[in-house]
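Subject: Structure handover

Hello,

Here is the structure I promised. Please open it first, then read my notes below.

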Amino acid sequence: MGNWGRFLEVNSSRILELTIDHAILVSLAIAVALLIGIPLGIYLTTNQYLADTVLQMASITLTIPSIALFGVMIPIFSLINQGIGFVPAFVALVLYSQLPIIRNTYTGIKNVNPEMRDAAIGMGMKTHQRLLRVEIPNALPVIMAGVRTAVVMNIGIAVIAAYIGAGGLGVLITQGISRGDNYLIISGSIAVAILAIIADSILLLIQKRFTKKAIAD
Amino acid sequence: MISFNHVTKKYSEEMTAISDVDFTVEEGKIVVLLGPSGCGKTTLLRMVNRLESISEGEIVINGENSKDLDPIELRRKIGYVIQSNGLFPNMTIEENVMLVPDLLGWSKKDKRERFSYLMKLIGLDAKDYGKRYPHELSGGQQQRIGVVRALAADPPVMLMDEPFGALDPIIRDKIQEEFLQIQREVKKTILFVSHDIDEAIKMADKILLLRDGKIMQFDTPSEMLAHPKNEFVSQFFGKDRAIKSLSLHTVENLREVIGLGPVDETIQDTKTIHVHQDLRNTLSMLLNQEADQVIVTDEQGENIGTITIDLVQKYLHFEIKGKMSASQEG
């Protein structure tokens with residue numbers, strides 16, 4: 001235990017700094033992913049053919065190993081002199097988040113009770129009123145489940161981004177591996193796990209706050 | 001008033017859902033669309049608020065052709081009630097009921113007042129129930145809310161698609177009574193889909209009996225029971241249509257035609273029945289009890305006579321069978 005004490009004394013501020021970097025990278029990627037994924041998921045509910053195509057493409061993206069995707073990003077972003085670092089990592093994380101976000105938005109809205117939709121149309125709601133007042137509120141638990149999946153997944157994947165110089169907690173782990181320093185590896189891993197648990201809990205609280213008790217039951 | 005002018009709906013050349021339907025729902029009346037599953041009654045109903053398209057013909061609502069109206073505007077002027085009540089679980093009862101007034105941009109004060117009035121109609125406390133969510137209410141209460149939600153913006157026309165179909169028989173009976181009571185006050189022009197013959201007889205000013213998208217008969221319930229136009233109609237109402245028609249007559253009617261029996265104080269275990277009860281219930285009561293008479297009471301609760309199975313039979317013979325046999329000869 002004494003060793004841990006000394007390790008943390010030296011490294012705690014660095015661990016905190018890397019945790020914040022990690023959180024910023026993931027948050028920005030999720031924010032952009034939400035801006036793309038939720039409107040796209042909503043739109044797809046009106047276009048069955050496009051929905052099948054887009055959902056399949058998003059599924060395929062998810063099957064690409066993250067280390068390979070980061071590798072592919074390097075030559076592409078080298079064209080604008082951003083081959084390594086934040087930009088390619090950010091883009092890769094946005095891509096990985098798309099499947100859970102688009103699919104859950106799409107499925108959540110599609111699965112809203114058709115009689116409820118019928119009542120909404122029959123009462124004279126316009127499409128946007130129906131979406132905002134009936135379909136999205138009732139699909140919210142499913143949509144939020146997708147967002148939570150994306151966040152937790154991205155916190156894990158962002159670790160690999162350290163290999164292309166994007167910073168974050170992956171730095172501790174990669175350094176630990178190359179130096180054979182178990183303290184670095186373990187502290188990095190625990191920090192990643194704690195970050196994921198905290199992020200998921202916060203999102204769950206947000207979900208509960210915005211979901212009416214009636215739907216959550 | 002809703003007029004269907006030679007309305008036809010085709011899905012393709014061979015698939016005709018509704019063929020040449022032509023009838024009118026008079027101002028303030030209830031027309032029940034009745035028929036077996038797949039006869040097109042719901043489709044016909046949904047053509048009125050343009051949830052279904054019309055292939056040929058037109059539907060005119062209070063002088064305006066439905067085709068010429070914006071569908072959103074049209075739907076906000078028509079009350080719509082569906083079987084599963086279609087309440088939105090994410091909204092409180094008040095938000096649910098006041099949805100159309102809200103879409104129409106009513107003021108807060110107007111909405112509040114209207115909500116209190118509507119809740120009074122169905123005997124629920126506006127303050128207590130307003131803030132609750134639909135899942136906190138019983139099935140019967142939810143259906144009542146579904147009905148007043150359709151009445152919220154005071155639309156002249158209402159469409160009701162098997163509104164009481166999912167309720168158990170006792171609650172259904174009660175809500176039907178309650179609804180007729182409300183209708184006497186609000187006098188809406190109503191198109192009502194049902195597959196329940198007893199419900200149709202009870203609720204309808206006129207019944208439109210459909211089969212495969214064609215009108216079989218359009219008549220008042222008593223006419224339809226007494227003079228079925230064809231084999232399908234008489235079969236649909238069944239061999240017991242004489243008994244069914246009893247529900248259209250009250251003890252009062254019988255008293256006017258053949259008079260009641262005298263009250264025999266010596267007979268024990270005699271139940272009482274109100275003079276405005278229908279004869280079908282009276283007959284069930286007679287058959288279910290030991291004594292062979294039931295005492296009839298008037299509004300003041302005074303005994304005004306007795307009724308027996310013999311009297312019901314005699315009345316049935318005079319009033320109903322007489323009409324039926326006349327129609328078969330003619």
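A residue is buried if 20 or more other C-beta atoms lie within 10 Å of its own, exposed if 12 or fewer, and partly exposed in between, with C-beta atoms placed from the backbone. Helices are DSSP runs (H or I, at least four residues), numbered from the N terminus.

This is a predicted model: local features need pLDDT of at least 70, side-chain atom pairs count only at pLDDT 80 or more, and totals for chains, interfaces and linings use all residues. Residues are numbered from 1 along each chain as its sequence is written, with chains lettered from A and ligands numbered from 1 in the order in which they are written.

Start with helix α1 of chain B, residues 41–48. Seven of its eight residues are buried, so the rest of the structure largely encloses it. They are Lys41(B), Thr42(B), Leu44(B), Leu45(B), Arg46(B), Met47(B) and Val48(B). Arg50(B) follows α1(B) and has a positive phi, near 60°.

Next, the contact between the chains (two residues are in contact if their C-beta atoms, placed from the backbone, lie within 7 Å). Chain A brings 19 residues and chain B 18 residues. On the chain A side, α5 (114–122), α6 (127–160) and α9 (213–216) each supply at least two residues. α5(A) gives the most, with six residues.

Last, Leu93(A). Leaving out residues up to four places away in sequence, Leu93(A) touches Val26(A), Ala29(A), Asn154(A), Ile157(A) and Ala158(A).

Best wishes
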